[in-house]
Amino acid sequence: MAESLEATGRVLIVLPALNEEHNIDKVVAEVRAALPDAGVLVVDDGSTDQTALRAREAGAFVARLAVNLGVGGAMRTGFRYAVRNGFDVVVQVDADGQHNPAELPELLRELQHADLVIGARFAGKGDYKARGPRRWAMKVFSVTLSLVSGTKLTDVTSGFKAAGPRAVRLFAAHYPAEYLGDTLESLVMAVRAGLTIRQVPVAMRVRAGGTPSTSPVKSAVYLLRATLALTLALVRRKPKTGPAVEAA
């Protein structure tokens with residue numbers, strides 16, 4: 001059943017996409033079925049395949065980046081598009097089909113009580129499990145950011161997130177594009193700006209098709225790189241938000 005968007009304002013679903021021609025049309029269709037009144041923006045992050053064409057054919061707006069900037073750069077594009085076009089809420093959804101658009105209404109409901117809502121994979125729903133260095137890194141980072149934010153967070157590297165008006169204005173101006181900046185650093189930034197963060201349990205699905213971005217080698221270096229990313233986020237100076245971001 002589609003969810004009314006009246007309580008949250010104009011909603012934009014942003015899908016960062018890199019070479020997702022096999023999945024993007026299906027994901028866009030699911031998003032539009034779940035939230036027919038929402039805008040859908042696919043940010044083609046330097047793809048070399050037909051991702052942009054498939055997204056347009058599915059009815060999404062498309063922003064094409066000339067080079068690959070990573071998820072952070074793609075989402076920064078999405079937040080700026082939202083501000084320029086009068087959207088109040090931005091929801092990030094992966095383009096590979098692992099996030100279930102049917103759970104979007106739950107994130108929006110919780111957004112009525114928070115500025116930023118995380119769809120958490122390790123909160124009692126579904127059977128998704130991380131292994132090896134990624135598992136231990138996620139646990140350490142979740143404990144650290146739970147302490148920093150003052151609320152229990154079990155999945156701080158989730159890419160399934162909903163941002164309310166204050167978060168949208170903050171991220172449009174300052175969203176980090178560095179490695180894991182779209183997850184770890186953005187949460188630290190939100191806490192320092194005084195935003196409220198909550199989470200809702202979600203179930204991760206199996207990738208619909210194509211080639212996953214992870215590999216054994218990437219998993220092996222994940223712990224070191226993620227630790228460095230979180231350390232830099234914690235020591236970095238608070239951005240100057242300005243009245244446009246701080247306004248309620």
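A search of the whole structure finds 8 salt bridges, each a side-chain nitrogen of Lys or Arg within 4 Å of a carboxyl oxygen of Asp or Glu. The structure is a predicted model, in which local features need pLDDT of at least 70, side-chain atom pairs count only at pLDDT 80 or more, and totals for chains, interfaces and linings use all residues. Residues are numbered from 1 along each chain as its sequence is written, and side-chain values use heavy atoms, without hydrogens and water.

Let me begin with Arg 205 and Glu 30, whose closest N and O atoms lie 2.8 Å apart. This pair links distant parts of the chain, 175 residues apart: Arg 205 is in the loop between β7 (197-201) and α8 (216-235), and Glu 30 is in helix α1 (residues 24-34). Helices (H or I, at least four residues) and strands (E, at least two) are DSSP runs, numbered from the N terminus.

Next, Asp 44 forms a salt bridge with Arg 64, at 3.4 Å between the closest N and O atoms. Asp 44 belongs to strand β2 (residues 39-45) and Arg 64 to strand β3 (residues 61-65). Asp 44 counts as buried, at 0% relative accessibility, whereas Arg 64 is exposed, at 53%; buried means under 20% relative accessible area, exposed over 50%, and partly exposed in between (1.4 Å probe, protein chains only).

A further salt bridge joins Glu 110 and Arg 198 (3.1 Å, N to O). Glu 110 lies in helix α4 (residues 104-110), 88 residues from Arg 198 in strand β7. Glu 110 is buried at 17% relative accessibility, while Arg 198 is partly exposed at 35%.
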